[in-house]
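I opened the notebook to go through one model from the whole chain down to single residues. The entries follow the order in which I looked things up.

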Amino acid sequence: MKVLWFSNTPANSDEYFNKELAGTGGWMKSLDKAIQKKIELHIAFYHKQKCSNFIHDNSHYYPIPKYNNFLGIVKEKIFNKVVDTEHLPIYLNIIQQVRPDIIHIHGTENPFGCIIGQTEIPIVVSIQGNITVYLHKFCSGIEKRYLKLKNLDISNYKTVLFPPTFKNSQNKFIKMQKREQKNLKSCRNVIGRTNWDRRISRILAPESRYFHNDEILRDKFYCAEWVPNKKKKIILHTTNSNNFYKGFETVCSCLYLLNNMGVGVEWRVAGISNSDLIVKIVKRLLKDRFPQKNLKLLGRLTADMLIDKLLEADIYVMPSHIENSPNNLCEAMMLGMPCIATFAGGTGSLLKDDEEGVLVQDGDPWAMAGAVLEMRNDYEKAILMAQKARNRALKRHNKHRIVDELLQIYTNIL
């Protein structure tokens, strides 16, 4: 079977470029490695630089330059330009070169969906996130007036020329939402992972057939296991990003409450640095309620560094206002850590409340702080729930099962 993927990330070709994926898309690399010997796999993806097609391991890669010149960068940064159908000839040319049996588009938020209806080859689309709902939840935790706040860094010419604001991100989402809804309306085959994405697909892609297929995690998370080591000071860990709707303000509010109660905690946040715009915004939002101690921002970490930090921690906390199946929560469950997560999007499909962890309402720092105290006061129960969560994660992210089910989906569609 010959399969052509259109992907947001370069998958396993990051090894060809001699660099690890920067914080996202690691699961695509894992799926690429796991399936490439079972099919003839071709992968098209956007790349910053123009380069020729190449083969790495057993997969064929087709880099697509996002910008042809500096003007393209200016249009995106200043005018929030998003690619819509202008690259359709490039996509169709790749399809003509490959002549696949089936086309798999990974993600509804990318422009690749414009090929739907432009070829007779069967197409299936995987739902990763969903821009339509993410845009709806964009300002769930932080007021709109903070969207225009800028983060100028005179030492970096890029931030001087294109000062980042979350208003730019929101405006970009608005344009991406229209594109996503248009493409999904014509979609006939959808792959998802949670009750959330199944339900929204019945509305946004009403003519489609829905297939379930879980994700393979990054390889290194299959090789490590968390061991309880309760200390006087509880170490909480969150893997987050410099993003408006990921709940960083809930983390800070929750830690402020715990500090005021005299609870001995240290909250480590990977993926966010002190210089990030979200930190500036949350400090201004919370004012004197921003925690003055016990908050440690780790910045972006490699997989090895992240695993080390997770294994040192006592409890994992996922604070987002909207997610589908967040890999950071899945990775913590796979390690066997006690987990607290917001009941947002698809997290209820991943973690059973009070059986495998604790789910709290998004944006509620009081309930989150209470959940931390519950786990601290009955740590034996927290450990038992973590073991159940790990057992579930091991089954859910079994590589062989996921590959076999994906191949069966391709066969069913064909």
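How many positive and negative side chains does the protein chain have, and how far apart do the centres of the two sets lie? I found 59 positive and 42 negative side chains, with the two centres 6 Å apart. Lys and Arg count as positive and Asp and Glu as negative, while His and the chain ends are not counted. Each charge is placed at NZ of Lys, CZ of Arg, CG of Asp or CD of Glu.

**Ground rules.** The model is predicted, so I noted that local features need pLDDT of at least 70 and side-chain atom pairs count only at pLDDT 80 or more, whereas totals for chains, interfaces and linings use all residues. Residues are numbered from 1 along each chain as its sequence is written, and side-chain values use heavy atoms, with hydrogens and water left out.

**Whole chain.** I looked up the secondary structure and got 15 helices and 14 strands. These are DSSP runs numbered from the N terminus: helices are H or I of at least four residues, strands are E of at least two. The radius of gyration is 21 Å, close to the 22 Å from the globule rule for 414 residues, so the chain is as compact as a globular protein of that length. That radius is taken over C-alpha atoms, and the rule is 2.2 Å times the number of residues to the power 0.38. Along its principal axes the C-alpha trace spans about 65 × 50 × 40 Å.

I then checked burial and found that 57% of the 414 residues are buried. Buried means under 20% relative accessible area, exposed means over 50%, and partly exposed is in between (1.4 Å probe, protein chains only). The exposed surface comes to about 18800 Å², of which carbon and sulfur atoms supply 50%. Areas come from the Shrake-Rupley method with a 1.4 Å probe. Of the contacts (heavy atoms within 4.5 Å) between residues at least 6 apart in sequence, 69% join residues at least 24 apart.

**Cores.** Which residues have the most contacts inside the largest nonpolar core? They are F248, L258 and W267, in a core of 82 residues. Helix α9 (residues 277–286) gives the largest share of this core, seven residues. A nonpolar core here is a set of buried Ala, Val, Leu, Ile, Met, Phe, Trp, Tyr and Cys residues joined through side-chain atoms within 4.5 Å. I listed the partners of F248 beyond four places in sequence: N240, V269, I272, I278, V279, V282, L295 and L297. Another core, of 27 residues, lies apart from the largest one and has I95, I103, V125 and V190 among its members.

**Helix α1.** I went to S30, which sits in helix α1 (residues 26–35). Is S30 buried or exposed? S30 is buried, at a relative accessible area of 4%. Outside its four-place neighbourhood in sequence, S30 is in contact with I216, L217, R218 and D219. The buried residues of α1 pack against strands β1 (2–7), β2 (40–47), β4 (59–65) and β5 (102–106), and against helices α11 (327–335) and α15 (399–413).

**Strand β9.** I235 belongs to strand β9 (residues 234–239) and counts as buried at 10% relative accessibility. Sequence neighbours within four places aside, I235 is in contact with E266, R268, E312, A313, D314 and I315.

**Positive phi.** I noted two residues other than glycine with positive phi. D57 has phi near 55 degrees, lies in the loop between β3 (54–56) and β4, and is partly exposed at 44%. R99 has phi of about 50 degrees, lies in the loop between α3 (88–98) and β5, and is exposed at 55%.

**Two arginines.** R376 is in helix α13 (residues 365–377) and is partly exposed at 29%. Beyond four places in sequence, R376 touches K230, I234 and V263. Its C-alpha atom is 40 Å from that of D404, 28 residues away along the chain. R188 lies in the loop between α6 (166–185) and β7 (189–192) and is partly exposed at 46%. With residues up to four places away left out, R188 touches E207, S208 and R209. R188 and G271 are 83 residues apart in sequence, and 36 Å separates their C-alpha atoms.
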